[in-house]
Structure formats: structure tokens, C-alpha cells
Amino acid sequence: MNSYDIVIIGGGPAGLAAAVSARDAGVERILILERDSELGGILNQCIHNGFGLHTFQEELTGPEYAARFIDQVEERKIPYLLNTMVLDVNHDRVITAMNKTDGLFQISAKAIILAMGCRERPRGALNIPGTRPAGIYSAGTAQRLVNMEGFLPGRKVVILGSGDIGLIMARRMTLEGAQVQVVAELMPYSGGLKRNIVQCLDDFGIPLKLSHTVVDIRGRERVEGITLAQVDENRRPIPGTEEDYACDTLLLSCGLIPENELSRAAGVDLSPVTSGAVVDESLETSVPGVFACGNVLHVHDLVDFVSQEAAAAGRSAAKYVQGQLETDETPIPVAAKGGVRYTVPARVHPHRMEEQQVVRFRVGAVYQNAYISVYFDDERVSRRKRQIMAPGEMEQVTLKREDLLSRPGLKSITVTIEEA
């Protein structure tokens, strides 16, 4: 059995940034395992621009952004295996994988970084009534077909869900000559970035119908039409509000789910809110020596934040391998309350923290002129006003190591939203 210091599962933006960071922290024996035929992950099909403004201070397309990190991996001569499917990760950090060259094999690792990304929520999880014809795609599948395979999935399109991929595909399909009739969203707010609503829908005159969902799909061989209906506050269709649309294609952009089957097999504790791992300030999971970063941890809105988080995971895994991460310190839980759905990290060890610790989270509703407040036990230590907060955009607060160390009896940290 081959042995490595750090094995990274996933060769997308998170896995690449983690590998580069770990190598720069002094770890030599690193291996990246990637199931696709090339490195870069989902970025390879994201040919629109808008990536890299935080990381490289310039606007790049997805493949250009990925290429920057692939070049860094190549420069450092970090080995990787492509077309390699990881089948199992056990509690002892033994990885079982397979590919066409090596067959079934096992690798032992001193530390593992989980960077498998996320997948789209399929039609089967949405309980949409109607027939099962051709012409129903997830937005990501349609994106791959158009941008990488050179196929146009349809000519008359309806999109259900206003996640970022759905918004971007509304523009992409329009530019390719398709007619995008409407984007429908079950919730009373969009699940995507505000800039994508403006650039992908408003600029092309594509209507966005909030509090609407698909209640029927018609067609035998191919989609012939769908029915939209307005929903009430309980997300149930309101009788009499039905609208029929003739179309040959329905794209689904109804949320992303972290790809955590391997994490579950390894015994990692998962959050019921994010479906990702519960981690501490070092991005270490409940299993010692197993770290998680990127969209497998929680779904990000910007790839730049994925890279920052992955770099931190790489540094932490390097410290673990070098024996610098051991502690008997009791972690302080970071609680999410008052409209904050979750926090990453969910607990912190003050003595293991870097000088500043970014805590990222999403809110559960749209808030206007509200405050993000941080409490140490019952004492409010920071309060910052935000004009608008929405579930589609991540928020963050920063904790300072010196502030936590100056309170040796601190029991809890709370991040909450307070109305003005």
C-alpha cells in the first residue's frame, strides 16, 4: 500500500488550492485524486467571466482561473491521478480507489483533505408532478452540453430555480439562440447573486417570477409544455393561478448538495443545515486528520472564497502532519441564531487560531437595514449594519485571536441578525 502525507480527494478549485498551500507549508508527499479526465473541476465548463477578482485582482473565466492553479500544481510537481474514483475512506485514513490503469488499490494517508465539491438537486428530489419526457435537464448538465460538448439542449426553455447556474444558463441559452421564456423561483427571493439577476435576466428581458413553481409537465416523448402556479407562504400552489407555457426544455436550478458520501463513510459528523462536515477553525472534521474545504463543506457563492478556505485547509493539514496541531484545549462553540442558518467554523480552539479567523455564514431570509452582531457569552462585542442581506449571498464576520485569549472563561460565541 502506497503511503502519503496528505491525500486530497478532488482536483477542482478547492483541491488545487489546498495542494499548493500544503506544499508551500513544507509537506512533500502529496497526492491529488480526481475522478474526471482533467483537473479544474466544475470551472472547466464555466466559460463566463467574473472569477478571480479577489484572488488575482482581475476578471477571469472559469477555465482561466483553474489554469492558474493547475500551473501552480505543475510548477511544484505535485502528483495527481486522473480518471480515478475514490470508493471509500475509512476512519484510519485508508482510501480505496480505482482507475483503468491501476485497477482497485488502497492508499494510506497521514491527513486527508475532502474537496469533492457538490452536485445539483435532481428532479426526483423536487416532487414535480407530470410525465417523464426527454428535455428535462439540470442547469449544470445543460451548461456542460452547451459549453463543452457543443450541443444546444432545446429551443424554447423554461427554468425552474434562480440559483446562480440557472441565471447564468438563462443568459447562455439566449446567446446561443434559444428563447428563455421565464425563470420561476419557489421562494419569495432569488437564490442567486444580485449581479447575476441584473446581468443574466434584466439585461435580456427575461422575467423572474418569485413564489412560483412548476405544477405539471406535459409531453410523451419530449417536453411539450409546463404549468406554473403561484405558491402561498407554505409553498403550496394556489388554485386558479396556473399559467401554461409551451416549451421543449425545462432546466432545473434548485439548489446544490455537498457531495459527502465519502465523508459519511469515514464517520465525519455532518451538519443537517449545510449537509457538509462540521469543522473547527482549522477546517478539521470530527475525525482527526480529516479536513474539508470548498463546496463539499458548504456551498459558496464565489470561487475566490473557495480558494481562500482551501488554502487554510492545506496549511492546517500540513500542521497536522508536522505534529503542530495537537491540543487538549476545549473548543468554543460558534452558535448561529436569529436568522443565521449556520456558521463555518462551528467551533474554535483559540490557541490554534491564526491571528484573524473569518466566520462565514448565510442568512435564512431577506433582511434590510439589519445588523450582524457577535456575542461572547452574553456580551455583544461587535455590531455591523448591512443595507441588505439575502440567502443567495454569503456573509462573514472576523474573530481576533487576541480577543478570545483575553477571555479565558469564554463558553460560547454567537453570530446573530438583529433588526434595526
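A residue counts as partly exposed when its relative accessible area falls between the buried limit of under 20% and the exposed limit of over 50%. In this predicted model, Tyr320 has a relative accessible area of 25% and is therefore partly exposed. The ring centres of Phe291 and Tyr320 lie 6.1 Å apart with the planes at 75°, so the pair is edge-to-face.

The search of the whole structure gives 4 aromatic pairs. Another of them joins Phe56 and Tyr65, again edge-to-face, at 5.5 Å centre to centre and 70° between the planes. Tyr65 has a relative accessible area of 0% and is thus buried. Ring pairs also bring in Phe69, giving a cluster of Phe56, Tyr65 and Phe69.

Turning to the chain as a whole, 8 helices and 26 strands are found. The radius of gyration is 22 Å, which agrees with the value near 22 Å for a compact globule of 420 residues. Along the principal axes, the C-alpha atoms fill a box of roughly 60 × 60 × 40 Å. Of the 420 residues, 54% count as buried, and among contacts with a separation of 6 or more, 62% come from residues 24 or more positions apart.

The accessible surface comes to about 18,800 Å², with 47% belonging to carbon and sulfur atoms. Charged side chains number 44 positive and 54 negative, and the centres of these two sets are 2 Å apart.

Key:
Residues are numbered from 1 along each chain as its sequence is written. This is a predicted model: local features need pLDDT of at least 70, side-chain atom pairs count only at pLDDT 80 or more; totals for chains, interfaces and linings use all residues. Side-chain values use heavy atoms; hydrogens and water are left out. Helices (H or I, at least four residues) and strands (E, at least two) are DSSP runs, numbered from the N terminus. The radius of gyration is taken over C-alpha atoms; the globule rule is 2.2 Å times the number of residues to the power 0.38. Buried means under 20% relative accessible area, exposed over 50%, partly exposed in between (1.4 Å probe, protein chains only). Contact means heavy atoms within 4.5 Å. Accessible areas come from the Shrake-Rupley method with a 1.4 Å probe; for residues, only the protein chains shown count as cover. Lys and Arg count as positive and Asp and Glu as negative; His and the chain ends are not counted. The place of a charge is taken as NZ of Lys, CZ of Arg, CG of Asp or CD of Glu. Rings of Phe, Tyr and Trp (its six-membered ring) pair if their centres lie within 6.5 Å; planes under 30 degrees apart count as stacked, over 60 as edge-to-face and the rest as tilted.
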